[in-house]
Amino acid sequence: MRVIDLRSDTVTLPTPEMRKAMYEAELGDDVFGEDPTVNRLQEMAAEVTGKEAALLVSSGTQGNLVSILARCHRGDEIIVGSDAHIFLGEVGGAAALAGVQLRLVSNDEHGMMAPQAVREAIRGPNIHNPPTTLLCIENTHNRCSGAVVTPDQIASLAAVVHPQGISIHLDGARVFNAAVYLELPVKELVKDVDDLSFCLSKGLACPVGSLICGTKEFVERARKWRKVVGGGMRQAGIIAACGVVALQTMVQRLAEDHENAHVLAEGLAHVPGVHINPRRVQTNIVIFTVDGSREEFVARLAEGGVKVTTSGDGIRMVTHYGIMRQDVEEALVRAAKVARGQASAGSIASLSHGKGRA
Ligand code: TLP
């Protein structure tokens, strides 16, 4: 039985072209700034995001943490969406290591915070208040089923925070998915954020790596903080070589993942006992709920060779480079079977409890 792994786009394996590039990469010591392949990748990342400079880091988590460290002082307050990965999925690193306090503003189901709510969350100069120094946004939004935040929405947040001297950091782990969805160059999409991190190791299929992009001055501070957290890597061109190939060859194909996610979502919407609004699925993340036990549904799916995760109170399936259309179709067949099994087990249980009778 073919195992269909829909847990995350992080499970992607490098392409043959990436492996070849790794093998052939020209290397140097990147802590001395002498790895030509890292330097090339960083220049490409700066160019594609329209920022002055970029820095290779080990992961999305490190990218967000180092960006916060480079932007804030201990005791600052930063505003993040209530479903943000920085808040929910990064082990509290911003608090533990950067010493900042997170101020949550509710994001809607599309991952967007209301500009007015952000305005109200900004602290005034009162002596009792921590200074608000940063607003973090996420695009695409993981918990919100890969929802895309538009440039106009980002501009509306920038109009609130920038006049107050507050910067915007974008957790752009999947910002290329957002750009492909909007059919916009990434630099257009991120023009109103001061800095961003994006991941090579998700839909772009690299084994490791993220980039932080911003002004030269910000990136130099980030370089120092990357060293503090043990992220100074030596012949990192081995990793960067994949990133170069990813930026050249793996961006436009994300549209295929979006198309597959759409098929998956539409198919799931027709499975009795499964609840999903397929119109909410814009990119490669599909989140749905089920009647009955979610944990059992996930376990039955795994037994049937479909690996998924949970997200919030739902079940998450993510499409990626390793998933083809026939995998999606097969996953739907297997999911329908699990749902049928769960429904009949449910009705037997309710009958034996004296329920379900006329
Ligand atoms: N997300 C992972 C897991 O943490 C759940 C996933 O499978 O989706 N920002 C966003 C929006 C992310 O989704 C992730 C990873 C990160 C940051 C952190 O990236 P890594 O895993 O490289 O540290």
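Predicted model: local features only at pLDDT ≥ 70, side-chain atom pairs only at ≥ 80, totals over all residues.
How far is an oxygen atom of the ligand from an N or O atom in the side chain of Thr-61? The separation is 2.6 Å.

**Residues around the ligand**

**Polar contacts and cover of the ligand**

- Arg-174 places a polar side-chain atom 2.8 Å from an oxygen atom of the ligand.
- For Lys-202, the distance from a polar side-chain atom to an oxygen atom of the ligand is 2.9 Å.
- On its own, the ligand has 510 Å² of accessible area, and the protein covers 78% of it.

**Packing of helices H2 and H11**

- Two packed helices are described by the angle between their axes and the distance between the axes.
- Helix H2 comprises residues 36-49 and helix H11 comprises residues 237-249; their axes come within 8 Å and cross at roughly 35°.
- This crossing of H2 and H11 is left-handed.
- On the H2 side, the contact is made by Thr-37, Val-38, Arg-40, Leu-41, Met-44 and Ala-45.
- On the H11 side, the contributing residues are Gly-237, Ala-240, Ala-241, Gly-243, Val-244, Leu-247 and Gln-248.
- The residues of the contact between H2 and H11 comprise eight nonpolar, four polar and one charged.

Notes. Residues numbered from 1 in each chain as written. Heavy atoms only, no water. Axes fitted to C-alpha atoms, helices over the stretch in contact; angles between N-to-C directions. Helix = DSSP H or I, 4+ residues; strand = E, 2+ residues; numbered from the N terminus. Left-handed = near helix turned anticlockwise from the far one by under 90°. Contact = heavy atoms within 4.5 Å. Nonpolar A, V, L, I, M, F, W, Y, C, P; charged D, E, K, R; others polar. Polar contact = N/O pair within 3.5 Å; in protein donor to acceptor, adjacent residues only side chain to side chain. Areas by Shrake-Rupley, 256 points an atom, 1.4 Å probe, with all protein chains shown as cover.
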